[in-house]
Amino acid sequence: MTTARTRMLALPALLLCAHPALADAPAFDRPGISFATSVLPAGAFDWEQGLPDLERDSADGMRSTAYAAGTTVRVGLASTLEMQLAGSLWNRLDLRAAGVSRREEGAGDTKLALKWAPPMSNKDVSLAVLGSITLDTGSAAFTNGRPVVSLGATIARDLGAGRSIALYANVDRSGGTNTWTISPNFGFPIGENLGGYVEAGHSFGGGASSSVAGGGLTWLWHDHVQFDLYGLRGLTSHSPDLQAGFGVSMYWN
């Protein structure tokens, strides 16, 4: 799997900043291409789990389906800073070509990150910056093969009535090569505890470019537990055919 595809599975990693604020829940990073523009309060933590996420692709007569039970743990360090640990202890890759099939299973790489969300003078605008390093600790079929250093930012604007727009940009650097990702999104409420969003993403550099579009739903249960469902379709021949997932996020303070 390429760095761009690994990132899209790992960072589906997570709740978009553009999702409407539902009840008293924190802004989870799951699901979506981007991440929330807020950090957890100092001393609070959450657990965000894919159950699992998947990516399906067909190219050159081969069909692949990759599953990843990605986990992210976030811990609030200060009013503007949080630490994150992410990884995937279980992954599965199914390959089929010319009537022959093969299956691989194993653990994925490990990511350490810090997120900073500075106060903004305009209360309707929010910003967060996430810096991370992904260590090549995974099994042979599920590792990038070398460390990846990433720097990303999301800026969002509250449109009122639970609606918001956001723009996410990120660069991954590995082996002297940069891979860029840009993603706009729009979030909106559907019901009291149900939110929706639509998004698009484009990755380029470090190989063939990839473009996807889709959206998802989030449902808040008992204030601090959220379930999510999302899907993305590839828009070009070099994009994954399908990315989708179901997950749960839980918050403690």
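Are Arg 74 and Glu 82 buried or exposed? In this predicted model, both residues are buried. They also form a salt bridge with each other, and their closest N and O atoms are 2.7 Å apart.

Let's look at the other charged pairs. A search of the whole structure finds twelve salt bridges, and the table shows some of them.

| Salt bridge | Closest N and O atoms | Burial |
|---|---|---|
| Arg 74 and Glu 82 | 2.7 Å | both buried |
| Lys 115 and Asp 29 | 2.9 Å | both buried |
| Asp 228 and Arg 30 | 2.7 Å | both buried |

Asp 228 belongs to strand 14 (residues 225-234) and Arg 30 to the loop between helix 1 and strand 1, so their bridge ties together parts that are 198 residues apart in sequence.

Some of these residues are also members of a network of salt bridges, which links Asp 29, Asp 46, Glu 48, Arg 74, Glu 82 and Lys 115.

Now for the surface. A nonpolar patch there is formed by Phe 45, Trp 47, Val 73, Leu 85, Leu 112, Ile 133, Leu 135, Val 149 and Trp 252, with about 710 Å² of accessible area together. Strand 1 (45-59) and strand 8 (125-135) are the elements that give two or more residues to the patch. Val 73, one of the patch members, is found in strand 3 (residues 71-78). Its relative accessibility is 30%, so Val 73 counts as partly exposed.

Methods
Residues numbered from 1 in each chain as written. Predicted model: local features only at pLDDT ≥ 70, side-chain atom pairs only at ≥ 80, totals over all residues. Heavy atoms only, no water. Patch = residues over 30% accessible without salt bridge, like charges linked within 9 Å, V, L, I, M, F, W, Y side chains within 5 Å. Areas by Shrake-Rupley, 256 points an atom, 1.4 Å probe, with all protein chains shown as cover. Salt bridge = Lys/Arg side-chain N within 4 Å of Asp/Glu carboxyl O. Helix = DSSP H or I, 4+ residues; strand = E, 2+ residues; numbered from the N terminus. Buried < 20%, exposed > 50% of the residue type's maximum accessible area, 1.4 Å probe, protein only.
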